[in-house]
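Please walk me through how to read this structure, one feature at a time.

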Amino acid sequence: MAKAKAPRRTLDSYTVKPINKIVKPGDCVLLRPSDPSMPSYVAKIERIESDGRGANARVHVRWYYRPEESIGGRRQFHGSKEVFLSDHYDIQSADTIEGKCTVHSFKSYTKLDAVGNDDFFCRFEYNSSTGAFIPDRVAVYCKCEMPYNPDDLMVQCEICSDWFHPACIEMSAEEAKRLDHFFCENCSSESQKKLQNPHNTRQSDAKVETKRRRR
């Protein structure tokens with residue numbers, strides 16, 4: 001008669017000996033890919049379990065997908081450290097954990113003074129079966145009407161507060177970095193009209209204020 005398998009037990013934390021790090025549910029981690037030429041997988045630990053002796057630990061994870069792993073692939077506005085929180089759950093050996101990482105909210109990531117190798121950000125949830133994203137739309141900027149990529153340099157108009165890529169306004173990155181003030185084409189035209197028609201100054205000011213409030 002075969003011996004019954006000992007029940008597995010849930011752990012509050014686990015020490016990954018190769019990296020000497022303690023991981024626990026809720027932590028984001030980097031896991032070793034099957035292909036060593038590929039970047040580490042990013043996942044969030046949902047649960048940790050081991051056998052009755054505390055060995056053979058396994059982690060229940062929820063995968064983060066990189067843009068190139070999604071159905072639509074990487075697009076121009078995707079940041080180099082962007083990942084999507086997927087609906088794909090899995091179980092992996094705890095020994096495949098290569099390190100801990102931090103997946104920031106998009107807002108928190110854009111406020112970092114310096115981005116480390118273990119810093120990522122997430123602004124979308126991803127359905128791995130359909131390729132759908134939540135939210136399915138985000139704010140767009142510039143004349144190109146693209147979502148914000150935190151890797152790209154952008155300049156802000158001092159009047160309407162909209163943001164622009166230097167290349168989209170026929171400006172080099174070096175020129176943009178030297179700017180003390182910037183007014184977009186629309187706002188510059190509006191300013192010229194005010195100078196040419198001083199009697200309409202009050203009406204023009206109202207248009208600018210309305211634009212600010214609407215944004």
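Predicted model: local features only at pLDDT ≥ 70, side-chain atom pairs only at ≥ 80, totals over all residues.

Q: How many helices and strands does the protein chain have?
A: Helices (H or I, at least four residues) and strands (E, at least two) are DSSP runs, numbered from the N terminus. Here the protein chain has four helices and 13 strands.

Q: What share of the protein chain counts as buried?
A: Buried means under 20% relative accessible area, exposed over 50%, and partly exposed in between (1.4 Å probe, protein chains only). Of the 215 residues in the protein chain, 36% are buried.

Q: How many aromatic pairs are there?
A: Rings of Phe, Tyr and Trp (its six-membered ring) pair if their centres lie within 6.5 Å; planes under 30 degrees apart are stacked, over 60 edge-to-face, and the rest tilted. The whole structure holds 11 such pairs. One of them joins Phe84 and Phe124 edge-to-face, with 6.1 Å from centre to centre and 75 degrees between the planes. Phe84 belongs to strand β7 and Phe124 to the loop between β9 (119–122) and β10 (125–126), so this pair ties together parts 40 residues apart in sequence. Phe84 is buried, at 0% relative accessible area, and Phe124 is buried too, at 7%.

Q: Which parts of the chain does the pair of Phe106 and Tyr148 link?
A: The ring centres of Phe106 and Tyr148 are 5.9 Å apart with planes at 75 degrees, so the pair is edge-to-face. It links distant parts of the chain: Phe106 is in helix α1 (residues 106–110) and Tyr148 in the loop between β11 and β12, 42 residues away. Phe106 is partly exposed at 22%, as is Tyr148 at 24%.

Q: Which residues form the aromatic cluster?
A: Tyr65, Phe84, Phe124, Tyr126 and Phe133 make up one cluster.

Q: Where do charges sit over rings?
A: The test is that NZ of Lys or CZ of Arg is within 6 Å of the ring centre and within 35 degrees of the ring normal. The charged end of Arg123 is over the ring of Phe106, 4.6 Å from its centre. Lys81 lies over the face of Phe120, 4.8 Å from the ring centre.

Q: Is Ser70 buried or exposed?
A: Ser70 is buried, at 8% relative accessibility, and is placed in the loop between β6 (58–65) and β7 (84–93). Contact means heavy atoms within 4.5 Å. Leaving aside neighbours within four places in sequence, Ser70 is in contact with Phe84, Tyr126 and Phe133.

Q: Which residues does Met146 touch?
A: Not counting residues up to four places away in sequence, Met146 touches Gln76, Phe77, Val140 and Tyr141. Met146 and Gln76 are 70 residues apart in sequence and 8.4 Å apart in space, C-alpha to C-alpha. Met146 is in the loop between β11 (133–134) and β12 (155–156) and is buried, at 18%.

Q: Which residues lie nearest the centre of the largest pocket?
A: Rolling a probe the size of a water molecule over the atoms shows where empty space is left. On a 1 Å grid over the protein atoms alone, a pocket is an open set of points where a 1.4 Å probe fits, with protein on both sides within 12 Å along at least five of seven lines; lining residues have an atom within 4 Å of a point. Of the 13 residues lining the largest pocket, Arg75, Phe77, Phe124, Phe133 and Asp136 lie nearest its centre.

Methods: Residues numbered from 1 in each chain as written. Heavy atoms only, no water.
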